[in-house]
Amino acid sequence: MPLDHRRLRGPEESQPPALWAAAAAEDEEDEKGAGAAARDPCALRPLFARAGLLSQAQGSAYVELGSGTKVLCAAWGPREAAEPGPGRLICEFRRAPFAGRGARGRPGAAAEREAEREAAAALREALEPAVRLGRYPRARLAVSALLLQDGGSALAAAVSAAALALADAGVEMYDLAVGCALCRPPAPAASWMLQPAEPEERRAAARLTLALLPALNQVSAVLGGGRGGPPEDWAQALRLGLDGCHRQYPVLRQSLLRAAQRRRSTPPS
Amino acid sequence: MAPPARYCVPGERLCSTEEATAGSGTYTRHGFIFSSLAGCLERKNEDNELPVVSVVRDSESQLLPNVGAVVTCKVCSINSRFAKVHILYVGSTPLKSTFRGTIRKEDIRATEKDKISLGDAQSNYLLSTAENELGVVVARSEAGVQMVPISWCEMQCPRTHTKEFRKVARVQPQFLQT
């Protein structure tokens, strides 16, 4: 048969993709069985934070958790707003299209946008007590968070990244806001776990996200819900979450100090 | 060699209010001074009073025009009742994003400084030129040439010799740059 140059010819041999898909499915089975028992509920995942990496925004921060959650956040300093009164903080939260594992229901669906709007409102609630809005009358501060990969505890990572970005932008703040997420698996007597990974979060019976201002020791937001058990369990979960926030604070503080030093040594063009 | 700079983050406790007074970039709470910016700590020693502790972020300082500040602005539209301006400089530092302001006709006076408020009801800054040092600094005549001030109230175009009324400012010598 003469060669048809107008068509792209596929390879001569082909194998079914199921051969490779089976390996991934086996991994998940293993996790379900062994994951619940092997994980220490109070263990914090490794946290990486870096501030001052974007040049096009006044302040920026990138936070990555060990479970694979990656959040990039940018902040802009005061711009004139038309409304009178104290300054306003405008938050935006976006999930990248490639952020979740598996297929999206329908790209651009209303449910996704609703979830993003809720997350943005939660971000605003967590950050507003930390920013000195009284120093910026009639101005508008903008914060935009982009979730690059969702590996669990996305909102908590976004809160930390947004606080770092605002501080990096030179906005006057009372304190950094640190976020921590918890979840409780559906087993009857299970205990709360810090910083769940994505499969654990999906299967959880109750989820909680905390935002704390560590130096002032004030909680700025508590978000979540579910079937968690008696109220004492929730109180214990809160304490666990606050402890997790306090343990994460030194890493965030160090990244901000390094960014300030870098900014000082290389003056902006 | 300058001593190594000490950097601080927002919310870091610097010292107590008995040892120093709070400067810019800090706030006080429960008798302690906390930092409010992520930047360099600065301590200025005054002779009679307590030293002033402030946190400086030397690259940009986002200023907002305060009440009583001298600003440099550019007129963008003129009405019979007021003029709309873009506020460009506060003092001698340029603003990164321009703010809008309004100069009402009755505020262009020679004397009697008004009480200008940031305005709860209005959405613009109100400005006044009620001092000798305030007023028009640069103006162009209808011919497009920069005019020369000849009195407190008049400026003349050097080419067409027409006089136009402006409230001229007597700029202080320290602000003039040649």
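1. Buried means under 20% relative accessible area, exposed means over 50%, and partly exposed lies in between (1.4 Å probe, protein chains only). By that rule A:Glu172 and A:Arg132 are both buried.

2. This is a predicted model, in which local features need pLDDT of at least 70, side-chain atom pairs count only at pLDDT 80 or more, and totals for chains, interfaces and linings use all residues. Side-chain values use heavy atoms, without hydrogens and water, and residues are numbered from 1 along each chain as its sequence is written.

3. A salt bridge is a side-chain nitrogen of Lys or Arg within 4 Å of a carboxyl oxygen of Asp or Glu.

4. A:Glu172 and A:Arg132 meet in a salt bridge at 2.8 Å, N to O. The pair links distant parts of the chain, 40 residues apart: A:Glu172 sits in the loop between α3 and β6 (178–184), A:Arg132 in the loop between α2 (110–127) and β5. Helices (H or I, at least four residues) and strands (E, at least two) are DSSP runs, numbered from the N terminus. A:Arg135 joins A:Arg132 and A:Glu172 in a network of salt bridges.

5. A:Asp150 pairs with A:Arg95 in a salt bridge, the closest N and O atoms 3.1 Å apart. A:Asp150 lies in the loop between β5 (139–149) and α3 (154–168) and A:Arg95 in strand β4 (residues 88–95), so the pair ties together parts 55 residues apart in sequence. A:Asp150 is buried at 15% relative accessible area. A:Arg95 is partly exposed at 36%.

6. A:Glu200 forms a salt bridge with A:Arg45, with 3.8 Å between the closest N and O atoms. A:Glu200 is buried at 16% relative accessibility. A:Arg45 is partly exposed at 21%.

Conventions: Chains are lettered from A and ligands numbered from 1 in the order in which they are written.
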